[in-house]
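Please work through the exercises below with the sequence and the model at hand. Each task is followed by a solution in steps.

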Amino acid sequence: MILHRLLNSRGWPTIPKAGYARVSQRRAHTLASILQTPEMPEKKLRGLVFPFSELENHLSSRVNKTNFQLFWPSLEDVKRAEALFSPSRKHKIDYFTSAVRMDHAPLITQPEVCFIGRSNVGKSSLVKALFALVPDVEVRISKTPGHTKKMNFFSVGKVFTLVDMPGYGHKAPKDFVDMVESYLETRTNLKRTFLLVDGSVGLQEADRIAIEMCEEFGLPYVMVVTKIDKGSRGELLKRVLEMQAIIQRQTAGCFPQPFLVSSTHYSGIHLLRCFIAHVTGNLQLASDSERKATDMC
């Protein structure tokens, strides 16, 4: 089975253990909110929201950019999406529960999205960045690969649920197959699966197996390129183009546009929030959302 192959796929060395970090009683980073960047130069703001724009100048004129810009919302769309990730008295955002088997998973009817990826790809760090406007939400991260052992459910008010899944690869928990396969095959309210790929190393064998899994299950999914702040732009662009080629030639259920993110610098976080809000049915894009970033400001 594909998931058994995921369990046995190696590629990450053992990293010294480190303590967990809990987001608690902290102020949100300035870049976490698009509303806190009114004085930011247009070019810098464009790069923050649309990280691909910083790679465009390095592309050959023969490369078709269309599929990198399919989801290109307006600034107003991004602001409206941010409101969904901002808590209020009537809109609670918090860790909800965890499960190791589907019969332990909460029965939820509202839309759901899940994040999968290799151990140490940065799933929990990405969840933390997405929820940065809720600094008291409990998001545990660790430098130890394979720290996430359960399916962790986060409720975003009454509008959607986000699930942080255990990482695949040789650090996956022993119940990974039963847990993840059952979830992906039976979760009827799952609207989109986000497949995270480490941009600092590119596609690994385990990632290719995960793509096969998503295709076999007929899932609508998206590739998210993490850690784009690591390494050179040239190397990153090479890896992104490789992923884009695989999406075009070898997938049927993958959204054509890969999303680039840095959980450290918040690059691409606002765009990803907007996409999540859109695919969960909570954000209808403005009529002018096809305009490019040059018109955004």
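Predicted model: local features only at pLDDT ≥ 70, side-chain atom pairs only at ≥ 80, totals over all residues.

Residues are numbered from 1 along each chain as its sequence is written, and side-chain values use heavy atoms, with hydrogens and water left out.

**Exercise 1.** Determine how helices α4 and α8 are oriented to each other and which residues form their contact.

Solution. Helices (H or I, at least four residues) are DSSP runs numbered from the N terminus. Axes are lines fitted to C-alpha atoms over the stretch in contact, and angles run from 0 to 180 degrees between N-to-C directions.
- Step 1: α4 (residues 123-130) and α8 (residues 269-279) pack at about 85°, with their axes 10 Å apart.
- Step 2: α4 and α8 are therefore roughly perpendicular (65 to 115 degrees).
- Step 3: L126, A129 and L130 of α4 meet I269, L272, R273 and I276 of α8 (contact: heavy atoms within 4.5 Å).
- Step 4: these contact residues of α4 and α8 comprise six nonpolar, no polar and one charged. Ala, Val, Leu, Ile, Met, Phe, Trp, Tyr, Cys and Pro count as nonpolar, Asp, Glu, Lys and Arg as charged, and the others, Gly among them, as polar.

**Exercise 2.** Carry out the analysis for α3 and α8.

Solution. 
- Step 1: the axes of α3 (residues 75-84) and α8 come within 8 Å and cross at roughly 75°.
- Step 2: α3 is thus roughly perpendicular to α8.
- Step 3: the contact involves D77, V78, A81, E82 and L84 of α3 and H270, R273, C274 and A277 of α8.
- Step 4: by class, the contact of α3 with α8 has five nonpolar, one polar and three charged residues.

**Exercise 3.** Is L237 buried or exposed, and which residues does L237 touch?

Solution. 
- Step 1: L237 lies in helix α7 (residues 233-250).
- Step 2: with a relative accessible area of 6%, L237 is buried (under 20%, 1.4 Å probe, protein chains only).
- Step 3: not counting residues up to four places away in sequence, L237 touches L55, H58 and L59.
- Step 4: the C-alpha atoms of L237 and L55 are 6.8 Å apart, although 182 residues separate them along the chain.

**Exercise 4.** State which residues line the largest cavity.

Solution. 
- Step 1: on a 1 Å grid over the protein atoms alone, a cavity is a set of points where a 1.4 Å probe fits but cannot get out, and lining residues have an atom within 4 Å of a point.
- Step 2: the largest cavity has a volume of about 70 Å³, the space filled by probe spheres set on the points.
- Step 3: its lining consists of F50, P51, F52, F68, W72, Q257, P258, F259, L260 and L271.
- Step 4: this lining has nine nonpolar, one polar and no charged residues.

Notes: 1 Å grid on protein atoms, 1.4 Å probe; cavity = no way out; pocket = protein on both sides within 12 Å on 5 of 7 lines; lining within 4 Å. Helix = DSSP H or I, 4+ residues; strand = E, 2+ residues; numbered from the N terminus. Parallel < 35°, antiparallel > 145°, perpendicular 65-115°, else oblique. Buried < 20%, exposed > 50% of the residue type's maximum accessible area, 1.4 Å probe, protein only.
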